[in-house]
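Keep the structure open while you read.

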Amino acid sequence: MKQYKIAIVGAGPAGYFTAQALQKAQDDEITFAIDMIERLPTPWGLVRSGVAPDHPKIKTVSKVFEKIAKESGFRLFANVELGKDISLKDLREAYDAVVLATGSTIGRKLGIPGEELSNCISAADFVPWYNAHPDFTNVSVDLDADTAVVIGAGNVAMDIARMLALDPSELEPTDTASYALEIFKASKVRNVYICGRRGPEHAAFTAPELRDLPKLENTDVYIDSDQINQAVIRVDQMGEVEKDLRNNLEAMRLIAEHSKKGVDRKLNINFLAAPKEIKGSGKVEEVVFTINEVKDGKVVATDNTFTIKTGLVVTAIGYDAVEYPGIKIENGRIANIAGHVEHNIYVTGWAKRGPVGVIGTNKSDSSDVVDLIIENLKEPKNSTGVEGLLKSGHEVIDQVGWEKINASEVISGELAGKPRVKEVDWKRLISLGTS
Ligand SMILES: Cc1cc2nc3c(=O)[nH]c(=O)nc-3n(C[C@H](O)[C@H](O)[C@H](O)COP(=O)(O)OP(=O)(O)OC[C@H]3O[C@@H](n4cnc5c(N)ncnc54)[C@H](O)[C@@H]3O)c2cc1C
């Protein structure tokens with residue numbers, strides 16, 4: 001029987017699904033000792049700090065993560081950051097394989113004038129702010145204007161627009177950060193525009209999320225039915241297309257046609273609107289858009305523009321992976337060939353593919369990377385794990401420590417009628433997890 005030591009860096013979905021695939025691959029001949037390393041004092045990645053608070057069902061995947069963590073041979077080392085507390089070189093030498101599952105957290109820039117104005121915020125800051133990520137509690141968010149613009153045409157843009165357009169009473173029973181909830185409650189925003197630069201047929205929204213929009217209780221959602229009809233004509237001319245695309249367009253048509261409630265909270269989805277410039281003196285005041293059109297299957301700019309007066313712009317146009325010593329970034333992802341980085345280093349999840357796919361997509365990705373690891377394994381190394389690499393006195397939060405934090409948050413949540421009340425202070429998190 002051989003036992004291999006595997007380090008998984010990043011305790012998000014891709015990290016847990018990698019651990020699960022390793023656990024499933026064990027047999028009479030090989031077993032795995034899995035050390036999961038996470039920079040935050042808490043695990044679960046974007047399931048904790050990305051998924052929208054008004055979609056609590058999605059977060060129940062964390063039950064699967066906790067089951068994986070209970071299997072023998074699994075250890076959590078939270079509050080340990082690769083590139084700061086430990087180096088990739090040390091990990092590589094100490095483990096038979098290292099899997100980087102560190103996600104993508106840098107918000108991509110529009111690259112247009114005015115992006116630096118105050119209250120032009122990247123989704124990479126806005127989302128972890130409302131989700132109580134301890135690094136983002138101080139993001140300055142001003143919801144004092146009647147109109148907000150969200151730039152991007154994917155599910156992240158849609159989450160943000162929904163959070164801005166919901167009646168804040170709907171967020172009361174959720175795990176939205178309490179400081180953010182107070183700001184949402186005082187919000188003057190009543191019109192939210194989602195603007196995508198391409199056509200409805202190119203949008204990255206997914207149909208289940210689109211189908212939920214007409215069900216919003218206190219918000220009317222608008223899409224111009226002409227834009228959808230023209231997209232359907234273009235798609236019909238393309239011949240055979242993926243079923244998902246037809247489902248998306250159908251979901252958009254339903255939004256365009258469903259009867260409105262006549263409420264004052266409005267969410268508008270605009271296509272073929274490319275941001276050209278954000279204007280304002282010190283703070284965002286308006287966004288100028290170029291009107292695009294689709295010609296011979298290509299999105300091209302017209303000479304026409306339009307302007308939306310707004311007090312807030314949130315950009316949600318994708319994320320790039322963070323760079324740390326020993327890692328090369330290519331096209332926003334950790335450079336790799338089918339999940340192999342170099343030597344005994346592998347990559348999975350958003351760090352490997354970029355910010356695409358739902359939580360489940362990371363499962364097949366991680367299972368493929370485990371197949372590759374097993375194929376390349378040599379004789380097991382004889383070395384100590386993370387504990388031998390950390391400075392003495394480093395405060396590690398292990399699985400038991402995390403369970404203490406979790407229990408404390410859930411108990412506070414029960415008292416407040418919420419799934420949990422997240423602790424947002426680094427020091428208190430560490431003290432809860434190491435007490
Ligand atoms: C706003 C938003 C909403 C979403 N909503 C949904 C949804 O409703 N449904 C759905 O199916 N999918 C949703 N997704 C997609 C889903 O969250 C991703 O598919 C998934 O989280 C990617 O998993 P990952 O493990 O690759 O990355 P992540 O979840 O980002 O996990 C990466 C982990 O690595 C840690 N880490 C980073 N750097 C280091 C380091 N140097 N050392 C140690 N640890 C490190 C991070 O702290 C983090 O815990 C959403 C994504 C976003 C951004």
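The C-alpha centres of domain 1 and domain 2 lie 32 Å apart. Domain 1 covers 2-105 + 320-396 and domain 2 covers 109-317; these bounds come from an automatic or database domain assignment. The model is predicted: local features need pLDDT of at least 70, side-chain atom pairs count only at pLDDT 80 or more, and totals for chains, interfaces and linings use all residues. Residues are numbered from 1 along each chain as its sequence is written.

**Domain contact**
- Seven residues of domain 1 are in contact with 15 residues of domain 2 (C-beta atoms, placed from the backbone, within 7 Å).
- The side of domain 1 that touches domain 2 has three nonpolar, three polar and one charged residues.
- Ala, Val, Leu, Ile, Met, Phe, Trp, Tyr, Cys and Pro count as nonpolar, Asp, Glu, Lys and Arg as charged, and the others, Gly among them, as polar.

**Ligand shell**
- Of the 36 residues around the ligand, G10, G12, G45, G103 and G349 come nearest (a residue is near if its C-beta atom, placed from the backbone, lies within 6 Å).
- By class, this shell has 19 nonpolar, 13 polar and four charged residues.
- Both domain 1 and domain 2 give residues to the shell, so the ligand lies between them.

**Helix 5 and helix 6**
- A123, F126, V127 and Y130 in helix 5 meet V156, I160 and M163 in helix 6 (helices are DSSP runs of H or I, at least four residues, numbered from the N terminus).
- This contact of helix 5 with helix 6 has seven nonpolar, no polar and no charged residues.

Definitions and conventions. Two residues are in contact if their C-beta atoms, placed from the backbone, lie within 7 Å. Helices (H or I, at least four residues) and strands (E, at least two) are DSSP runs, numbered from the N terminus.
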